[in-house]
Amino acid sequence: MNSLRSDVTALVLAGGRGSRMGGIDKGWAPYRGVPLITHVLSRLVPQVSAVLVNANRSVSRYQRLGWPVLHDADPTAFDGPLAGMLAGLRACETPWLLTAPCDSPFVPTDYAGRMVSAAEDAGASVAMASDGDRHQPVFCLLHRDRVHSLTAYLANGDRKIDLWTRAEGAIEVVFRSETAFRNFNTASELRDDDTP
């Protein structure tokens, strides 16, 4: 295993309500015959040394995937992606935590390497992916030492990813792709998708 990969733990964010998907657990929504989370894991696993899953329901089902499952501090509150990221940082045993949502099946195959290299070159503790037109806040790289900062931010009642990452001096890493960060929010989007 190369040293870069050994420095990274991936966290799949599957802790949301799935409101726009009719309340179903989005990680288990079928896409091309298999659950969305299976697509995400197939992209992430080869890039990292460890994987964590953040989920606030269907926990035993996620556990059967073979990776540790973490819930938010209050799994009934559905406090958003930062709560899942904090759970991941608290469990992370590598220098870097790389996040991706469970409903984005086209995660770039060079996601981890490019994010870590860019952060280390810039001396940054937080990096955020971009498709060239807009940043993708839940596709994020966090250094493990950000756990205290994020704990304090959430304890203050704040929930906005952009405000926290900006305060942390996040850098942007551009992936020129129309599909890399595509996510599915509704059943009709899944049904009607024609992505090659």
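**View 1. Cys 102 and the cysteine count.** Cys 102 is buried, at a relative accessible area of 5%, where buried denotes under 20%, exposed over 50% and partly exposed the range in between (1.4 Å probe, protein chains only). Cys 140 is likewise buried, at 0%. The count of disulfides is 0, a disulfide being a pair of cysteine sulfur atoms within 2.5 Å. The model is predicted: local features need pLDDT of at least 70 and side-chain atom pairs pLDDT 80 or more, while totals for chains, interfaces and linings use all residues. Residues are numbered from 1 along each chain as its sequence is written, and side-chain values use heavy atoms, without hydrogens and water.

**View 2. Arg 32 in a loop between strands.** Arg 32 lies between strand S2 (30-31) and strand S3 (34-35); strands (E, at least two residues) and helices (H or I, at least four) are DSSP runs numbered from the N terminus. Its phi is positive, near 55 degrees, although the residue is not glycine. Arg 32 is partly exposed, at 48% relative accessibility.

View 3. The loop between strand S4 (50-55) and helix H3 (59-63) holds Ser 58. Ser 58, also a residue other than glycine, has a positive phi near 50 degrees. Its relative accessible area of 30% makes Ser 58 partly exposed.

**View 4. Asp 131 and the backbone of its loop.** Asp 131 is located between strand S7 (126-130) and strand S8 (135-143). The side chain of Asp 131 lies 2.8 Å from the backbone nitrogen of Asp 133 and has a polar atom 2.9 Å from that of Arg 134.

Conventions
A polar contact is a pair of N or O atoms within 3.5 Å; within protein, one must be able to donate a hydrogen and the other to accept it, and residues adjacent in sequence count only if both atoms are side-chain atoms.
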